[in-house]
Amino acid sequence: MTEFAVEAENLGKRYLLGPSRELGGAIKSLARRALGRASESDARREFWALRDVSFQLERGEVLGIVGRNGAGKSTLLKILSRVTAPTTGVARMRGRVGSLLEVGSGFHPDLSGRENVYLNGVTMGLTRAQIASHFDEIVAFAEVESFIDTPVKHYSSGMYMRLAFSVAAHLVADVMILDEVLAVGDASFQRKCLGRMDGLTSEGRTAILVSHSMAAIRRHCSRAMWLDGGEIRAFGATEEVISAYLDTPSRLETSREVSYPLRTEAAMQVTAARLLPGAAVDHDLTEPLTFEIDLETRRPVPGAYVGLAIRDPSETIRYWTADIDSERFHNPVAGRQRLTVTCPPRLLTPGRYTAHFAVIAMGRPEPVFAMQERFIGFGVEDRGSFLASYGLLYPGMTAQESHWGAEPAPGDMQEPARTAHG
Amino acid sequence: MPSAVVESRSDEVVEIRPNKGFVSLRLGEFWAYRDLLREMIARDMLARYKQSFLGKAWVIVQPLTLMTLYYFIFGVILELKTGVVPFPVFLLGGVLIWQLVAASATNISYSMVSNAHLMNKVYFPRLLIPVSQSVAAVVDFAFGLLVLAGFMAVARVALPPQALLAPLFVVYAIVTGMALGLWLAPLNVKYRDIGQAVPLVLQVFMYASPVFYSPTLVPEQWRSLYYLNPGAGIIQGFRWSLMGDVPPEPIAWVCPLLVAALFLSGLYFFRSREAELVDDL
Ligand SMILES: Nc1ncnc2c1ncn2[C@@H]1O[C@H](COP(=O)(O)OP(=O)(O)O)[C@@H](O)[C@H]1O
C-alpha cells in the first residue's frame, strides 16, 4: 500500500449567518433572549457549506474538483490550506503544503517587483535564502527583468500576473493546492505554466486543483471530485466524474447577479453585474437582453473597453460585445459608473448560458480585469416565436431572423408580379 | 523553464482539526515564520514611507505638532504648571509614550480587516500581524525618542540615575498596547461597530492619563484611584525615569499585573479565534 498524501475524514464546515455583525445588535438580542423574548432574527441561522467530506489521495495523484458556484469547492481548499478551520472532521496532509488560492495575493502596489517577490515568496512559505537563490530565474520566467525595481502599480496586469505566477511556480511543496490559477496571462504564458504544471506532477507531486475549465481538469487530473451542495456527489476517474457532472442540467444555476471581489491593484474592474431588474432569469428569446454593469475606474486606462461574453455550457463563446465607441470609452474618467448593455433580441437559441464580464485594454493581449469563475447564469426560452407556437424547439446557434424574398423564377409561365398591373 | 525548483520534501504530517478546546500558543511556529514577519514589517514601513508626501519625516511631525498644540493650549493659554521639567520636554515625553500605546492598540485592532485579503489566501500564524504592527509603533517611537533627546539636550534636562529603568516603562507601554489590540482585533472582525468605538475609548483613556498635565494636579484624595489607570503609571513612570519628574504613586505597581493578565488572556483569546477569523472577513 502506498502512503497517503492527503486524507480527509468527515470534514465539515458550518457558517453562521446572522444578525450579530454589530456588538450593539448582539447585546440587544442577548438581552431579549435572556428575557425570553427572542425574535426570529435573533437566531443565527447556520449553514453547512461542506458536510461529511472524506477522501484519500496517494502521493503523486492530481485531484480535480468540479462543481457549480457555491458547491463548497473554495471552502474545501481553504480548509486544506489552513486558511480557515473545519467545524467537524480531520484532515491530514503529509509534507509541506503550498497553496495558491489566488495569484498575486498579497502583492502590495506601492512596493517594487523585487520587494514583492520577497514578500510573496515568504508569504507562501519560502525562506529569504531560497528566494534569493532563485530570484533571477523567477524574474526571467516572468519576463519582467527591466521593470523589477518599478512599483508594481505601474505594471500592466499581464506583467503583474506573470510575476505573481512565476513566484508561485517556484514554490514546490509536497502537496500543491491550486484554485483556478491556470487562467492567467496570455496564451503563450499559459502554455508555459501548463508545461510547468505537467513537470511538477510527473515528478510525483500531489496536487489538488479547482477549475471551471473541464479541459484543464481532463489534462491534469488523474482523479476528480464533484462537489454538490457541500457534499461529494461523485469521486473517481476523471472522465467519469466529468461526464456525470456535465450531464446534470442543474450545473448552471441561475443567478441574476454577480459581484466580484475588489482588486485595488487593478486600474479598472467590474464590481458587479446583473440582469436588468425586473427581467426574467429565463429570458424570452424574442425580447432584448439587458445587463447592468457596475464599473469602477481607479485610474482611467486609455483604450480600455468593457467586454461581455456569453458562453454556452461547453464554454464556447456564443456572443461577444464591448463598449468600444461609447462615450465612456472615448472619455474614460475615474470613479464608479453603471453601464447598461442591451443585446438585440433573437441572439441565442433556447438553452443555458453564462454571461462573463471583463475589462480589456487595446493592444494588450491580457485583460486588465477578468474573473472567469464568476458569472451570471441565465436561461433562454422560446415563448413567443413562430416555432414555439407549434411546440417545436428552436434549432441552431442563433435565432436571428433573415429577410426572405420571393419572386417568380425567370421564364416562368405566369406573368411576373412586378408587371401585373400592365 | 526553471530548471531547479525550491526543494522542500518532508514527511511530517500536519493535522487539521476543528479549533476547539484548549488552544496552544504555538510560539515555536512563530520562529518558523520569522522571514515572513520580517517581510511584513518591511512592507508596512516601506509602504507607509513611500505613500506619504513627507515620507519618513512624518513619524516626528505628528508628535511635534501635538506637542506644539498642547503647549499653546495648556502652557500658554491655561498656564498649567509642570514642576521640575520644562513644559515642552514634559509634553513630548508624554505624547511619545502615549502614542506608543495608542498607535499599537488602534493599528492592531484594525489590522485584521486591512490584511483580510492576505489572510483569505494563505496560512500563516495570524499573530504575526499584531506583532508586526507593534514593531512598527516601536520604530516610530524610536525616531521620536531621538527628537526628545535633542529637546532634552537643549533644555539641559539631565538623565537621572533611574534612567536605566526607562526601558521597563517602554516595554510596559508596548505590552499594554498589544494587550488591548489582541482583544480588540478579533472583536472588531466579528462586530464592526467596535472599530468606531476604539478611537473614542482611547481618547477617554488619554484624558484620564497625564499626557499634557502633571498628575500632581489631580486632587490628593483621588490620586490612588487615578493611578489605577495603567496609562497614568506608564506615562508618569516614563517621565520619572527619563527626566526626573515626580514618580508614580506606589499603587501604580498593581497595574502591571492587570496588564499582564490582560495580555496573556488576550493572547489566548486571539489564538482561539484566529483559525476562523477569515469566516467573518
Ligand atoms: N465566510 C463565509 N460566511 C458565510 N457563508 C460563506 C462564507 N464563505 C462561503 N460561504 C458560503 O458557503 C457556500 C460554499 O461556498 P464556496 O466554498 O465559495 O463555493 P464554491 O467555491 O464551490 O463556489 C456558498 O453558499 C457561500 O455563500
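**Entry 1: the second largest pocket**

I began with the second largest pocket, which holds about 1400 Å³ of space. I kept in mind that this is a predicted model.

I looked up what lines this pocket and found 49 residues. Nearest its centre lie Arg48(B), Asn107(B), Tyr110(B), Ser114(B) and Gln133(B).

In chain B, α4 runs over 87–114. I noted other chain B helices that each supply at least two lining residues: α2 (34–51), α3 (58–77), α5 (116–119), α6 (128–154) and α8 (193–207).

I sorted the lining by class and got 26 nonpolar, 16 polar and 7 charged residues.

Then I turned to chain A. Why does the pocket lie between domain 1 and domain 2 of chain A? Domain 1 (60–249) and domain 2 (253–381) both give residues to the lining, so the pocket lies between them.

**Entry 2: the ligand**

I moved on to the ligand. Where does the ligand lie? I found it between chains A and B. I listed 13 residues around the ligand. The closest are Gly70(A), Lys73(A), Ser74(A) and Thr75(A), together with Asp279(B).

I checked oxygen atoms of the ligand against three of these residues. For Gly70(A), a backbone N or O atom lies 2.6 Å from a ligand oxygen. For Lys73(A), a polar backbone atom is 2.8 Å from an oxygen of the ligand. For Ser74(A), an N or O atom in the side chain is 2.5 Å from a ligand oxygen.

I then looked up how much of the ligand is covered. Taken alone, the ligand exposes 560 Å², and the protein buries 69% of that.

I also traced the shell to chain A elements. β1 (4–17), β2 (45–58) and α2 (73–80) of chain A each supply at least two shell residues. α2(A) gives the most, with 3 residues. By class, I noted 5 nonpolar, 5 polar and 3 charged residues in the shell.

**Entry 3: cavities**

Last, I looked for cavities. How many of 30 Å³ or more does the whole structure have? The search finds 6.

I picked the second largest cavity, which holds about 50 Å³ of space. Its lining includes His283(A), Leu285(A), Glu287(A) and Leu289(A). Pro344(A), Pro345(A), Arg346(A), Leu347(A) and Leu348(A) also line this cavity, as does Val380(A). By class, I recorded 7 nonpolar, 1 polar and 2 charged residues in the cavity lining.

Definitions and conventions:
Residues numbered from 1 in each chain as written. Chains lettered and ligands numbered in written order. Predicted model: local features only at pLDDT ≥ 70, side-chain atom pairs only at ≥ 80, totals over all residues. Heavy atoms only, no water. 1 Å grid on protein atoms, 1.4 Å probe; cavity = no way out; pocket = protein on both sides within 12 Å on 5 of 7 lines; lining within 4 Å. Points joined across faces, edges and corners; volume = space filled by probe spheres on them. Nonpolar A, V, L, I, M, F, W, Y, C, P; charged D, E, K, R; others polar. Near = heavy atom within 4 Å. Polar contact = N/O pair within 3.5 Å; in protein donor to acceptor, adjacent residues only side chain to side chain. Areas by Shrake-Rupley, 256 points an atom, 1.4 Å probe, with all protein chains shown as cover. Helix = DSSP H or I, 4+ residues; strand = E, 2+ residues; numbered from the N terminus. Domains from an automatic or database assignment.
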